[in-house]
Amino acid sequence: NRPLPLTFLPSSPPPSAILMSHGLNEVFTGGLGSYSLYNMVIAHLLDHRKLAKPSKADGSLGGLLVSFLRRYGHDFDYSAQAVSITRGGFVTKRRSWVNKEKPYLIAIEDPQEEGRDIGSVSHNIRRVRQCFGWCHDVLCGGRGGGHEEEDPRSEEPSESNSAPLAPLASTRARFSLEVGEALSMILPRPQ
């Protein structure tokens, strides 16, 4: 087992900065708060450590950021999976955590109180997912497994909405980017 890259953990700055730049970092607006995001980062790192095959990109912060964005932007099944760092990262969503009207809400088990879902208040999780997916696709040069680029600031995900957040559609990046470089590519530039 390789040690967790602790430099990625303190308040999870890259994912937090991404959400902040798109107005999705506040729980009271339906976004993800830092505690939920921290749990998502830890769960991703725990799972990444279990599944990763040794390579040069595995330990890079840029590679971890890209894999985090892919997981929560494209691969994570929000209606069936839950985040639980006390249970190793990811588990099947409990029945008590499923909102029948909004099954897409993320479930994140509070590591300090077993069974408590701290993610269900993030009612704009579809926009968060869209934001992470868009950032992943930009960092991978549009090779996001066929996913369309969408503006994460739009109200609802749309198949026809392909307007980028910033003029970044042609940006190409490698998995081994340093986090600062990666963030400069996906965060809006000051006007």
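In this predicted model, strands β1 (residues 81–84) and β2 (residues 89–92) run antiparallel and are held together by four bridges.

Six aromatic pairs turn up in the structure. Take Tyr-72 and Phe-90: their ring centres are 6.3 Å apart and the ring planes sit at 55°, so this pair counts as tilted, given that the edge-to-face label is kept for planes over 60 degrees apart. Tyr-72 belongs to helix α3 and Phe-90 to strand β2, so the pair ties together parts of the chain that are 18 residues apart in sequence.

Helix α3 (residues 61–75) packs against α1 and also meets α2. Starting with α2 (residues 34–51), its axis comes within 11 Å of that of α3, and the two cross at roughly 105°. Angles of 65 to 115 degrees count as roughly perpendicular, and α2 and α3 are therefore roughly perpendicular to each other. On the α2 side, the contact draws on Leu-37, Met-40, Val-41, Ala-43, His-44, Leu-45, Asp-47 and His-48. Facing them from α3 are Leu-64, Ser-67, Phe-68, Arg-71 and Tyr-72. Sorted by type, the residues of this α2 and α3 contact come out as eight nonpolar, three polar and two charged. Tyr-72, then, takes part in the contact with α2 as well as in the ring pair with Phe-90.

Now for the other partner. Helix α1 (residues 13–21) packs on α3 at an angle of about 50°, and their axes are 10 Å apart. That angle makes α1 oblique to α3, and the crossing of these two helices is right-handed. From α1, Pro-14, Pro-15 and Ile-18 make the contact, while α3 puts in Leu-65, Phe-68 and Leu-69. The make-up here is simple: six nonpolar residues, no polar ones and no charged ones. Phe-68 of α3 shows up in the contact with α1 and again in the contact with α2.

Key. Residues numbered from 1 in each chain as written. Predicted model: local features only at pLDDT ≥ 70, side-chain atom pairs only at ≥ 80, totals over all residues. Heavy atoms only, no water. Axes fitted to C-alpha atoms, helices over the stretch in contact; angles between N-to-C directions. Parallel < 35°, antiparallel > 145°, perpendicular 65-115°, else oblique. Left-handed = near helix turned anticlockwise from the far one by under 90°. Contact = heavy atoms within 4.5 Å. Nonpolar A, V, L, I, M, F, W, Y, C, P; charged D, E, K, R; others polar. Pairing = 2+ DSSP bridges. Phe/Tyr/Trp six-rings, centres within 6.5 Å; stacked < 30°, edge-to-face > 60°.
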